[in-house]
Amino acid sequence: MATKKMTPMERMSAVLNKRQPDRVPFLITSREFGIRYSGHKHHEAYKNPQLYIESQLKILEDFETDGVWDIWCTPAVDAALGAKMEFPDDDPPWIHEPVIKERSDLAKLKPVDPLTNGYMPYLLDVVRGLKKAVGPDVPVIAWASPPFRTGCMIRGNTTLYLDIYDDPIFVKDLMEFTLANCTAYGKALIDAGADIITTSNPVANYECISLDAFKEFAHPYSVRMFKALKAHGAMGINFHTCGNWDDRYDLCVEGVDMLHCDKVDLADFCPKYAKDVVIMGNVRSVDNVLRGTPESVRREAIECIKKGAPSMRYVMSNDCAVPRDSNPANVMAMRDVVREFGDYPLNF
Amino acid sequence: MAALKHLADLVETGKNQEVPAAVDAALKTGMPPYDVLINGLQAGLAVVGERFKRQAAFIPEVLISARAMKAGVDVLKPLLVKANNKPTGVCVLGTVQGDLHDIGQNLVGIMLESAGFVVHNCGVNVRPEAFLAKVKEVNADLVGMSALLATTMMNHKTTIQYFADNGYRDKVRFMSGGAPVSPEFAQEIGADGYASNALAAIELAKKLTQSGWNGNFINGDEVGAHMAA
């Protein structure tokens, strides 16, 4: 029986390295929820790094999570390459206009410098501030876009999907370019203090492109990026699947240490993949954390922990970002389930 | 007929540059433009649509077929207007206020056009009053609303309510979709139907514009599943 209470870093390190933690770790992708919970609006997080850092510290303290997150999913590399990013008042920014209008435009793009271009220096400041605030005992988790996603953002999703048929060589040239830029930013995040790099690729799932296209245009570039970031010192790579990946999970565990999954049954998924990766998830974010009650979230969280925790490679979490307007009591219900049932050895 | 089969094959395989000549060839046999549209162009896209439902084709495959279909529709359009063939329906599409995501919505627009609807895509961050103004301008039958964010999906409800407040709710049918939207949510906010993907949206749009629709909520995914079965 584990007797000493682990720090969040020790706990995450244990599950990543196939050792038994003292209890099931708990992480929530808390960007917009955290900002709202702290009484602010999303756009303010891009003007005052301290405001965002404080929102994460409040989440860490109140919900007893095992890590803090940077301003997750900000398409900073894409914007630095020239794509137009818009900032809604109280929602995450989004690329509104791609930069590669003609395929020949790719040759005109210059590689980004994460330390000086666009919003990347700001986001790096946020990561430095988070690491300074939480110290070595708490992991800082920072988001870097994978090459295919950034390719879609700077070219436009629809256009890139057509390029796959019209000019596959161009797509591969684009992926090499985005690979270099996304990797450079990922390394800068690690240099700034990120412990775990998290990523997501909703435009490359089973609902979007074929397995053949995934193997040719998305997966190899992601793996090269993940390996480069691990070699640069990341303690883990977390991959948020986002959507249906049923026909490609066997591939997408390659180069990855954690899968933050949705739309899977943990009862089947954990026994199959826990030997390869830590599995994080998957209390339904919208249908339950946002729209449910503390009781309904508690019921689902108990189901998740019963299915996931016996693998000893499970992290309690929601299935996507915690929606901004979620009732904090619903999120607290997940924490309470971890408190009540999460200690190893398990005793449900 | 061989000309129609050839045309359907070209659409199915996305050979957009060869489609206009194949349409001309079919017309030269004396076939009515509407038959060329339905039994040539739409028949080809329908094959890809069925594959998409079975997840044997994906967004790129649908896009190249839809592009090929559009190349043919561009040739036929003046002839169809001359022959007074009416569109299946008129749809105003948009991502609701506060949301800037449009990939799914664009795909729905492409597919609806391919299915014979006239589509007016208002783009992203569409305010309720902009939806209503466009509906009035083009005399639309349908409004398709999309959202990717759990926050902005609440503006599906706001939009429907705005139409109700302005006495226009009963003049159009609302389709609700987007990643965080569930059939239960769509029904709860008073939409007429829900679809999780572009193909289901087409089945839903067809159902909602049929004269026999009884006013009950329709889950477009179930319509598609039924048809596939």
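Which residue does R11(A) form a salt bridge with, and how far apart are the closest N and O atoms?

A: Bear in mind that this is a predicted model. In it, R11(A) forms a salt bridge with D22(A), and the closest N and O atoms are 2.7 Å apart. R11(A) sits in helix α1 (residues 8-16) of chain A, while D22(A) is in the loop between α1 and α2 (31-37), so the pair ties together parts that are eleven residues apart in sequence. R11(A) is buried, at a relative accessible area of 2%, and D22(A) is buried too, at 10%. As a general point, side chains of opposite charge can pair when their charged atoms come close.

Take D163(A) and R155(A), whose closest N and O atoms are 2.7 Å apart in their salt bridge; D163(A) and R155(A) are both buried. Then there's R284(A) with E300(A), at 3.1 Å between the closest N and O atoms. E300(A) counts as buried at 14% relative accessibility, whereas R284(A) is partly exposed at 38%. Chain A also has a network of salt bridges, which links R36(A), D90(A), D91(A), R324(A) and D325(A).

Salt bridges turn up between the chains as well: chain B and chain A have two. In one of them, R67(B) pairs with D166(A), with 2.8 Å between the closest N and O atoms. On the side of chain B that touches chain A, α4 (59-82) and α8 (183-188) of chain B each supply at least two residues, and α4(B) gives the most, with six. By class, that side has 13 nonpolar, six polar and three charged residues.

Stepping back to the whole interface, 22 residues of chain B are in contact with 26 residues of chain A. Together the two chains bury about 2,300 Å², 65% of it on carbon and sulfur atoms. F58(B), L100(B) and T151(B) supply 25% of the area that chain B buries against chain A, more than any other three residues.

How values were computed. Residues numbered from 1 in each chain as written. Chains lettered and ligands numbered in written order. Predicted model: local features only at pLDDT ≥ 70, side-chain atom pairs only at ≥ 80, totals over all residues. Heavy atoms only, no water. Contact = heavy atoms within 4.5 Å. Buried area = accessible area lost by both parts, 1.4 Å probe. Salt bridge = Lys/Arg side-chain N within 4 Å of Asp/Glu carboxyl O. Helix = DSSP H or I, 4+ residues; strand = E, 2+ residues; numbered from the N terminus. Nonpolar A, V, L, I, M, F, W, Y, C, P; charged D, E, K, R; others polar. Buried < 20%, exposed > 50% of the residue type's maximum accessible area, 1.4 Å probe, protein only.
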